[in-house]
Amino acid sequence: MVFTAKNLQVKSCIVPEILPSLTVAAQLQERKNLGLSKFGALIQREVLSQLENNYLEVDISKELSLLSPGYSLEITVPALGICDLLKLPLAQEKYFPSLLAINGFGAKPSTELENNYPLPEFVLATDIMGNQFEIIVNADGTIEIPEDGTGLFSLIATITFIFSESQIIQGAGLEDFDFKKNKLLLRDPEKNAEPFEMQVCVTHINDRNLRMVNAIRSINVKYQHTYKESYNIKMLAEPSKELDKLNVSLTFRSKLPLCHLYPFVVCVTVDDERKFELASQEYISGLKNHHWLQDPIRTNVFTKHMGLSYQGFASLVRNVYPIYDFVKNCLVNDNLILQQKGYNNFMLMKDAFSRLYDLVVRDVVYHRLAGDFIFESCQKKLFSLDLSQLPANFHDSIVFSNIQSDLAEHHLDTLKSLFHLDEKAEIVENFSIFTHNFTGKIPQLMVDLLPNTLIGQNSPTLHEGFHKQRDLESITQDPPYDVDALFELQTTLPWTTPGQEIEEIANKTATLVKEGQFEENTSTKLQPFTVVKIDVSRKDMNHPPK
């Protein structure tokens, strides 16, 4: 059989230049609410000075060098948390990274009314199903979304802010701060510990009114965490009424926001010549020594594993509150179907419920959403849970085992503590140790916090991370490896990017740009990009002349 060959037509397209991705280190810390009232607007000089350099700084000199007249700089930031555009006013600082200044330009004082426009020229929203539509930003900072939302969702995945070359190169409608040139200044969302990825693109509109991408760069923001500086720890040791026993009490109070999200191991060392052991038969508040363990190798060392990794916590939430229960509750309550303006018709879109369920799980894990509703809907089956089949690393498997033993005793303390939202609450731990011929002299006790894999961090194992970074001067020793040094390496240099859609990754290297910021280079030159048509006829009507 002979098949006729098809006459293939090859259409030309612009393949964007893939710039080296950047990794920026952020810190968990208390901070002042800026009270941003204008959606996507840059801030004024005096507001920026109040931050005292408490913001993230990204070098965009390469992008600025590619900008020509008629070109634009696009900054795409993710929505961190379930963000609904229909629920106005929108708390921008709660859901999105906030743009502060670009290339040293920011907002003019509010007293200057002439040619004062610190807003992006266009704003595009991408909903949780991948639909993209334009958001109208009014001069007062309020937003408007399409009137007809049929097939669209008001729950947003990303927001793209588009600034023109005349704004960020010539300063049209903006004030020149005369500092931080070639820099993008931004602030991560309030009370956020979730690492996120944003993109910076150089684009232009072609003769068919299509947005074409010329260059694209990924920026990964990762949170660093120092355990010893995160908690105030008080320890009390006193002889028990029973012979040869010593009761130990620990109280933890968090000093940094959201530090309770990070899994760690509490390590108590008894500095004494006598050999102490756990009073394994001693019950405290109905639980055997509150799941404290005795180190099988080191003498007089006692440990307890606290918290779960992101993967472990997410698996636990999905086991306790499966998607079947979630969809059933949504359909019974009918609070998500056909909201106003036709948005959010979950029955018409395949996988819409599963994507919303993923957002709910993520918000519970990162403590943006209280987990009380899970216990209310699953109260009857909690004590029959089987956690033995959940995927887990060594740390998580110990915590799962502790939860399982608690459930067998009809206790929910360990399980509920994972869902607790009060970050300022105290953590109280108690256990008992004993030694033969205890004279009543209290030995010296030391407490330390040992790090485990950061929550939400998709990092390689210590062994893999070491060999991939063998050439860096920061680590030069041979085995045995310095675990603390390797842990710090993982928090600043993630070698895998969750959700990255690149066909192949080869020979990544890192170059120190500044303290806490590294540039990753790769030979890969292929990455998907979108071409979206927008209405440019509004530009002259809704924006002041440049």
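Helix 7 has 14 residues and spans 20 Å from first C-alpha to last, close to the 20 Å expected at 1.5 Å a residue (the expected span is 1.5 Å times one less than the number of residues). Keep in mind that this is a predicted model, where local features need pLDDT of at least 70, side-chain atom pairs count only at pLDDT 80 or more, and totals for chains, interfaces and linings use all residues. Residues are numbered from 1 along each chain as its sequence is written, and side-chain values use heavy atoms, without hydrogens and water.

**Exercise 1.** Work out how much of helix 7 is buried, and what follows the helix.

*Solution.* Start with the cut-offs: buried is under 20% relative accessible area, exposed over 50%, partly exposed in between (1.4 Å probe, protein chains only). Helices are DSSP runs of H or I with at least four residues, strands are runs of E with at least two, and both are numbered from the N terminus. Now count: 11 of the 14 residues in helix 7 are buried, including Phe353, Tyr357, Arg362 and Asp363. Then step past the end: His367 follows helix 7 and has a positive phi, near 60°.

**Exercise 2.** Trace the pairing of strand 8 with strand 7 and strand 9.

*Solution.* Two strands pair if DSSP finds at least two bridges between them. Strand 7 (residues 122-127) runs antiparallel to strand 8, with 4 bridges; Leu124 is partnered with Glu134. Their hairpin leaves 4 residues between the strands, and Gly130 in the turn has a positive phi of about 95°. On to strand 9 (residues 143-144): 2 antiparallel bridges join strand 9 to strand 8, with Ile136 opposite Glu144.
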